[in-house]
Amino acid sequence: MDNRLAPLLTRGESLTRAEYRVLAHLTEHPLLVGNITVRSLATATFVSTATIMRLCQKLGFSGYSEFIWHCKQLLSGTQHITGQPVTEQHAMPELFLQFVANYQQTLRWVTEEKRQTFVSLLREKESFFLYGAGFSYIFAEYLTKKLQVLGKTAFISGPGDSRNIFLSNASRYQVFIAVSRSGETEQVLDKARIAQNVGMTVVAFTRASANPLAGLADLHFALYDEAVHFAAEASGVTSFESNLVLLMDLLLLEATG
């Protein structure tokens with residue numbers, strides 16, 4: 001039950017069993033609100049459309065459209081799941097608090113100057129070439145999709161693509177964005193050098209430890225990584241990946257806000 005619609009249950013006086021069934025159906029299936037016609041709702045609850053109209057009037061609405069509009073307003077608020085009360089004694093898991101601390105450490109390294117440089121690139125440039133290898137490809141693709149949604153020309157490539165694809169298209173793009181946790185992957189470094197030679201602005205997202213990709217980048221975002229040895233712990237679960245997505249979204253939000 002979605003208790004955001006619960007206030008409706010207190011507004012009706014002398015609801016019949018059929019009318020209450022309609023209201024309870026919407027409360028149990030909030031995704032139907034705005035997506036179901038009065039006839040479909042009548043069929044689903046085994047009542048007539050006239051019964052639904054009487055329900056709307058008893059609740060103080062002029063008709064079904066106004067009733068549904070009010071339901072949408074209620075559902076736009078914060079959802080609280082019944083049967084799972086939150087108490088003051090409830091504590092966040094220790095690992096969650098550690099992840100938060102890791103995020104905060106990364107954000108300390110993202111200076112105002114770096115953020116403004118990224119904002120300028122996103123607002124002034126229109127074409128972006130993104131590259132990632134292994135797991136990093138997933139996050140490069142994520143950023144590519146975000147840029148495309150913003151109306152930018154964004155192309156994603158990885159180790160599976162021929163080197164000639166990049167050589168043939170590099171001159172068409174203004175910004176090269178590389179995602180590499182280690183910052184040492186040779187395929188990534190090769191593309192970054194080419195990008196640098198053809199005059200593209202190079203942006204890199206890597207772990208915070210010293211690495212050659214960071215040295216090639218015009219704009220480098222260092223992310224806190226609690227894994228001590230990347231090669232040995234790359235397959236382990238750390239906050240690095242969630243840290244990366246969080247940083248990307250924060251940068252995009254600031255650039256488009």
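Predicted model: local features only at pLDDT ≥ 70, side-chain atom pairs only at ≥ 80, totals over all residues.
## Terms and model

Buried means under 20% relative accessible area, exposed means over 50%, and partly exposed covers what lies in between, using a 1.4 Å probe and protein chains only.

Residues are numbered from 1 along each chain as its sequence is written, and side-chain values use heavy atoms, with hydrogens and water left out.

## Salt bridges

Let's start with the charged pairs. The structure holds 11 salt bridges, each being a side-chain nitrogen of Lys or Arg within 4 Å of a carboxyl oxygen of Asp or Glu. R115 pairs with E254, and their closest N and O atoms are 2.8 Å apart. Because R115 sits in helix α6 (residues 112-124) and E254 in helix α12 (residues 240-256), this bridge ties together parts 139 residues apart in sequence. Helices (H or I, at least four residues) and strands (E, at least two) are DSSP runs, numbered from the N terminus. E254 is partly exposed, at 30% relative accessible area.

Another bridge joins the side chains of E19 and K58, at 2.9 Å from N to O. Here E19 belongs to helix α1 (residues 17-28) and K58 to helix α3 (residues 49-58), 39 residues apart. E19 counts as buried at 2% relative accessibility, whereas K58 counts as partly exposed at 32%.

K152 and E126 also form a salt bridge, with 3.2 Å between the closest N and O atoms. K152 lies in the loop between α7 (135-149) and β2 (153-157), and E126 in the loop between α6 and β1 (127-132). Salt bridges that share partners also join R181, R207, D225 and E241 into one network.

## Nonpolar cores

Now for the nonpolar side. A nonpolar core is a set of buried Ala, Val, Leu, Ile, Met, Phe, Trp, Tyr and Cys residues joined through side-chain atoms within 4.5 Å. The largest one has 28 residues, of which L147, I177, F205 and F221 touch the most other members. Elements giving two or more residues to this core include β3 (175-179), β4 (201-207) and β5 (219-223), and the largest share, 7 residues, comes from α12.

I177 makes contact (heavy atoms within 4.5 Å) with residues including F128, L130, L147 and F205, leaving aside those up to four places away in sequence. A second, separate core of 20 residues has L23, L26, V33 and C56 among its members.
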